[in-house]
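Please keep the 3D view open while you read.

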Amino acid sequence: MALFSQSCQYGLQALLWKSRVFWPASRCRQLFAASFGIPKRDKVSYFSFMTSSSTALPVDPQGTDACPAKKRSEIDYEEEKGWDEDTQEIHEGKLRFSSSGGALKKQLMNHTVSRHKFATVQPPERPLCAEEWSRLRESFQSPELFEEVMFNSMIRYNSPIDVAKSLLTHVAKSNGDIGYNLLVKYLALCVQQGKTSEICDMYDILKIRFKTLESGAYNLLIRGLSNSDQWRMALTLLEEVKRVTVPSRSNYESCIKAAGRHQEMTLACELYHEMLAKDLVPTLDVLQALFDHSRGMKNSALQKELFGILLYLRENQVYPHKTLMRSIKLWFESIPGENWKGHLTNIKDSGQCPVCSHQLEDSELTEEEYNNLRERIIRDVIHGTDTFRKTSPQEFEAFQTFVENRLPFDIVIDGLNISHIMPRKVQCENLFEAVNCLAKDYARLLVLGRKHMLTNSSNWKREVMKEMQNKADFFFAENISEDDAFLLYATLRSGKHCKFVTRDFLRDHKACLSDSVTRHLFRKWQRGHQIVFSSSAGGKHIKFLPACSYDCVVQTTGDTWHIPYKDTFEEKYSYEIPRKWLCLQQKYRTT
Amino acid sequence: MRAANMLLKKIVRCSAFSFSIQHGMKRDLFPLSRTLILSPCLKEDNSRSSSEKVDLDAWKKVMKSGLQDVSETVSEPKEISALAAARETLELWRLVGRAVPEKISEEQLKAFIECPSKSAQKKYLKFLHLKELYKKSNKRKMDEKRERRLETQEGASETEEPKKNPFVCLWSSSMDKAYNWRVAQSMIFGQPLVFDMSYEKYMSVREVANTVRQIVLSEGCNRRSVDPFHIHFCNFKDDSLYHKEFIKYYRGAWDKLLITVTDQCYTNIFPKDKLVYLTADSPKVMKTFDHNKIYIVGSIVDKSIKTGVSLAQAKRLGLETAALPLEKYLLWNSGAKNLTLDQMMHILLTLKDTGDWKKALEFVPKRKYCGFVNKPMHELKKTLNLINMLKLGKRPEELQKRFANNYPKRLTQK
């Protein structure tokens, strides 16, 4: 279904694109989608890459709207998935439900398809008079949907608002009233085109007509007003939203940006703190706005605020994207009298910054954090709601005594995971090679496996297993137990120097941890202690990548800052860490 | 007051109309190149010069005009309660076209406000909305049926003729008696089947409701079967959520049900070596249905996938476990391997009567599998691979090679 609607819109769009120039349709829809609270992924920005030598960058943060044609498809696709898309217009009168649930769903789906068919009506280019509208309406497949469909396509094709106005006039004259949905759609069109006076008018009308408004209209009003010189009205609207519900983060984003644009930095910071207090995660755009608008200001309180933001990035292990990084850099360099210099660089495996030769923080946890993490792993991951789900109390006890008697290990290996490294080879040979390879570097090895490895089979030869057991300690769990939890426990119990080997990302175990603080600790510990098989080595020999020796977070020593950042062009997974860094240092004049 | 209001509206409309006529001539200034692609009727309209100019802001006057007096009445109740405010927001959402129910009760509204997050609220509203739609369409269908029945009755009453039937008509009450007789027999001689009711703490209220519904369905199909099980509800606590939900479904009949309900564990009632816990997570696969074993089914619906909950229960008690041989008999397509309780009941009943896996596994939902396995496994895998390759569009040479490997030479050479 999605495919169908997609392609049919596509054809039309392509046609329109050829015939005349108009505002990028994807952009309008993006705005529309956003205004109705449809979540949108991090905004993608399209900047050309600047080399590290350039200091002053000719960047205009407002000029990011030029979308390359290639990207448009992705954006379009995202917007098809709004939560209320599929059930948005259910008119019971038109539907004939059959008895079973599946059939009803199918009906709804069919309806959506037909709605998309309607959605390809082309809006007129100039205002029409009432007669013309009614004629158009008559010729439309289902006249009762006409206005709504027409407004949707007006928003899609960004028609001039005069056309929309003429339709509203027609509706008002024939019905004596205009429905709320049409008013909101008209409002969306006004916001899309930045018609401030119209937005104010709409606000008055809506205010008189309805006691309260719903979130969609508020979103549109706040967005529309915050971009105009009436931006203070957006703040009062925000207050109004607060009375009913928690404002969305995009509401705050618009207000903070507006305040920043008018150099009301204290207000912007207040809003930012309010947002954090409500457990909303600020968008990177908000942070960028704060940095952009306080450029060149000498204000120690504000400076403290912005350092606070950088520490927020550190604590939550957020990596800024390139545009935000650039804003941070420019802000630092613009602080009067402090003489900051920023450089873009890549940090080597040793963890030394090539620009200022500063050694980055290592990824060790503190004693307290370490103990905390260990206890939480035992409590949440191994025991969880029911110890029997992953192991059994007897088995866990046996494992604990086993580990205590042989402490400490230097490396703990997930035997079954490693035995699948090369699918062509026999499993026990894979493991054998890995153990041999690791035994060179580490003295005390622990291999975790399951009992079925002990029965002589084509994959697990008894002789090889015997030989391995001379080189490393082995623990065999029950066949239905989970060995990953044991892996974590044994590594954490052995101490900070101990590493572990598995290709597993351990995401399911991380998800068992109940609060985000511990999850961050876990990620940090994982980055520093997990050794991964290197796939690039290929060939016959097994090679391992060392764990990251430095901690990949925003960090400072007072007169230097090191900030890792993401390149916007390459997709980053959550487990990948950025290799690119911004190095900022304060240069004191020697003369 | 209202009449005056209407009058005012009309006046405004008229004035707007005349205003638009006065400015009609401006219309010709529109450049001719911007003709419409819309429909032929408009084009011909365009050529007529006598059409009037549209007043674009007339609608605003209409919108504002009827409101002077409305705004006075609105301003009176300044402080509205949270419930009323929520009700109004819902109404507006409905107008915008979101999935929101038309009518909402006080309790539902409270539940809506207490939802922990915005997405939870949306989901709850959508649930209510769909429920309302189902209810409406059912009601409509009932009405239609009644009408049809009335029509046929009218037609039949004219040509009424007493019918003679040699058989006594079997009404449902007598059918019930026959069924109950069978179930009562099974309670003495039948094979026990245990529903383990110890999972309440793992489920949300809605999941418990779903579980109970599934159990009610399975009890129904057990009662109607030729050779019913003797159903046990074990670990059943009085006044638990389960209990409340059961009362909702059965009402007075709950105490007359021909099943055994106990708060004891099955390990206390039956010998341990005879018990088999059925769970999809079990490493062991069931080969045949054993008439001497007592099978246990966990009464749990887990929408947020909690793997290993029932396996953990079996492990704790040291019971034998088994999973249905779904992989062995079905070409699994998609979906989880855990089945609903009524599907389980159908499968077990069929197995008990016939021992035929193919017949029993007919009750697995069709969307979950592609077909039955009737060729040796490795051949099927080959064809599946081939299909996947065609789907993915691998390189043709590779495909040909695969094809040549799979099929004997004489076939390809022809």
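Helices (H or I, at least four residues) and strands (E, at least two) are DSSP runs, numbered from the N terminus. This is a predicted model, in which local features need pLDDT of at least 70 and side-chain atom pairs count only at pLDDT 80 or more, while totals for chains, interfaces and linings use all residues; side-chain values use heavy atoms, with hydrogens and water left out. Residues are numbered from 1 along each chain as its sequence is written, and chains are lettered from A and ligands numbered from 1 in the order in which they are written.

Let us begin with two helices of chain A. Helix H6 (residues 146-157) and helix H8 (residues 180-193) have axes that come within 10 Å and cross at roughly 10 degrees (axes are lines fitted to C-alpha atoms, over the stretch in contact, with angles from 0 to 180 degrees between N-to-C directions). H6(A) is therefore roughly parallel to H8(A), a label for angles under 35 degrees.

Next comes burial: buried means under 20% relative accessible area, exposed over 50%, and partly exposed in between (1.4 Å probe, protein chains only). In helix H5 (residues 130-139) of chain A, the buried residues include A:Trp133 and A:Leu136. The buried residues of H5(A) fall within an arc of 100 degrees seen down its axis, so they line one face of the helix; the arc is that of the directions from the helix axis to the C-beta atoms.

Strand S9 (residues 560-565) of chain A is mostly covered, with six of its six residues buried. A:Thr560, A:His562 and A:Pro564 are on one side, and A:Trp561, A:Ile563 and A:Tyr565 on the other.

| Partner of S9(A) | Sense | Bridges | Example pair |
|---|---|---|---|
| S10(A), residues 580-586 | antiparallel | six | A:Pro564 with A:Trp581 |

S8(A) and S9(A) form a hairpin with three residues between them, and A:Gly558 in the turn has a positive phi of about 100 degrees.

How many disulfides does the whole structure hold? A search over all chains finds zero, a disulfide being a pair of cysteine sulfur atoms within 2.5 Å. The sulfur of B:Cys265 is 6.8 Å from the closest cysteine sulfur, in B:Cys234, which is too far for a bond. B:Cys265 is buried at 14% relative accessibility, whereas B:Cys370 is exposed at 57%.

Methods: Two strands pair if DSSP finds at least two bridges between them. Angles under 35 degrees count as roughly parallel, over 145 as roughly antiparallel, 65 to 115 as roughly perpendicular and the rest as oblique.
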